[in-house]
Amino acid sequence: MKVLVIGGSGFLGTELVRQATAAGWDTAATYCTRPGRPSGASWHRLDLRAPGHIDDLLASVGPRFVVNASSGHGNWAVTAEGSIRVAMAAAKHGRRLVHVSSDAVFSGSRIHYDEDCPPDPTTPYGAAKAAAESAVRLLAPGSVVARTSLIIGGGASAHERLVHDLASRTRDGVLFTDDRRCPVHVEDLASALWELTVSDLTGMSHLAGADAVSRHALGVLIARRDGLDPGLLPAGRRADAGVPGPLDVRLDSRATQRRIRTRLRGVREFLRPRPSIGEA
C-alpha cells in the first residue's frame, strides 16, 4: 500500500509518516523547505502555490491514498488554493483523499460543534480552511474532511514550546484563560487519520480530545507534566487583549469516535504529571 503525506515535515505530518513507515507501508512525504526527520520515507519537495506541481507529483509517485496535513497558517495561496489543487489532482488521478481541517472554521458563537455544523469563520486562517473544506467536498466527494483542534504531544508542539519559553522568560506573552479548545494528542490524531484513510467512510469527521480547557489551563497541565512551576505562566484574557478569533470552540467528536477504534484521549489524561523515580 502506497501513501502520500502532504506536509510530512510538519508536526502532525512527522507522526503520520512515522506511523505509516512503522506499519510497513510504502510512504512518500512532501516538504516545502527541507525534508522531515523520519527515515523510511521518500521525500519530495512540493510547492502548493505552483499550478501543476501536485498533479505531477501524484503522477510520478502513484500513491493509493493521500493525506493533506499541510497548514499554510493564514496564507490563502497555500491553505485554500493549495488544498483546491490537491483535491483536483486527487480526483483526476482517482486517489482517495483525507484532508485535515481545523476548529478555526467556527466562530465560537454556539460553543459546541458537531460534524453537521456549517463553518462560520472569523479569521483569515479560518476562512481559508473553510474554503478548502468546501472545495474538497465538492471536487472529491469520496474524500474525508477531518477537523481537529490544538495538537499536543512529545514536547515538540508549538503549544508545549510556548509554555517552556514563557516559564523560562525567553518569550513575552500570556496564556488566555477565556480561550477554550479540545486538545488532541498527535499520536491519537495520526492513528485516527490512518483509520479513516483506509476505511470506506466519507464526508466530515471530528477528531479532537474529550476535554475542553483554556489555553492557560493547558499550559498548567504541560508545566506540571514537565516539572515546571505553573505559577511562572502569565495569564490574561483574549477579550481584553483584543486579539481576533473565536473564544470557545469545542469540537464534538462523539459521532466519529463511534466509527473508529482509536480512542481520542482527553488532555487531562495524556498530560498527567510524570511519576517520580520513587513512584514509578
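**Helix packing and sheet order in a predicted model**

Helix α3 (residues 76–93) packs with helix α4 (residues 124–139) at an angle of about 10°, their axes lying 8 Å apart; axes are lines fitted to C-alpha atoms, for helices over the stretch in contact, and angles run from 0 to 180 degrees between N-to-C directions. The two helices α3 and α4 are therefore roughly parallel to each other, a label given to angles under 35 degrees. This is a predicted model, in which local features need pLDDT of at least 70 and side-chain atom pairs count only at pLDDT 80 or more, while totals for chains, interfaces and linings use all residues. Residues are numbered from 1 along each chain as its sequence is written, and side-chain values use heavy atoms, with hydrogens and water left out.

**The α3–α4 contact**
- The contact (heavy atoms within 4.5 Å) is made by residues including W76, I84 and M88 of α3 and Y125, K129 and L139 of α4.
- By class, this contact of α3 with α4 has 14 nonpolar, two polar and one charged residues, where Ala, Val, Leu, Ile, Met, Phe, Trp, Tyr, Cys and Pro count as nonpolar, Asp, Glu, Lys and Arg as charged, and the others, Gly among them, as polar.

**The sheet**
- Seven strands form an open sheet with parallel pairing, in the order β3-β2-β1-β4-β5-β7-β12; strands are DSSP runs of E of at least two residues, helices are runs of H or I of at least four, and both are numbered from the N terminus.
- At the edges stand β3 (41–45) and β12 (203–207), each with a single partner strand, so one side of each is left without a neighbour in the sheet.
- β4 and strand β5 (residues 96–102) pair in the parallel sense over four bridges, pairing requiring that DSSP find at least two bridges between two strands.
- α4 packs on the sheet, where it touches β5, β7 (144–148) and β12, and its direction makes about 160° with that of β5.

**Helix α7**
- Eight of the eleven residues of helix α7 (residues 215–225) are buried, so this helix is largely enclosed by the rest of the structure; buried means under 20% relative accessible area, exposed over 50%, and partly exposed in between (1.4 Å probe, protein chains only).
- The elements covering the buried residues of α7 include α5 (158–167), β13 (213–214) and α10 (267–270).
- G227, which follows α7, has a positive phi, near 75°.

**Residue R64**
- R64 sits in the loop between α2 (53–61) and β4 (65–68), and is exposed, with a relative accessible area of 56%.
- Not counting residues up to four places away in sequence, R64 touches K2, R95 and R96.

Key:
Parallel < 35°, antiparallel > 145°, perpendicular 65-115°, else oblique.
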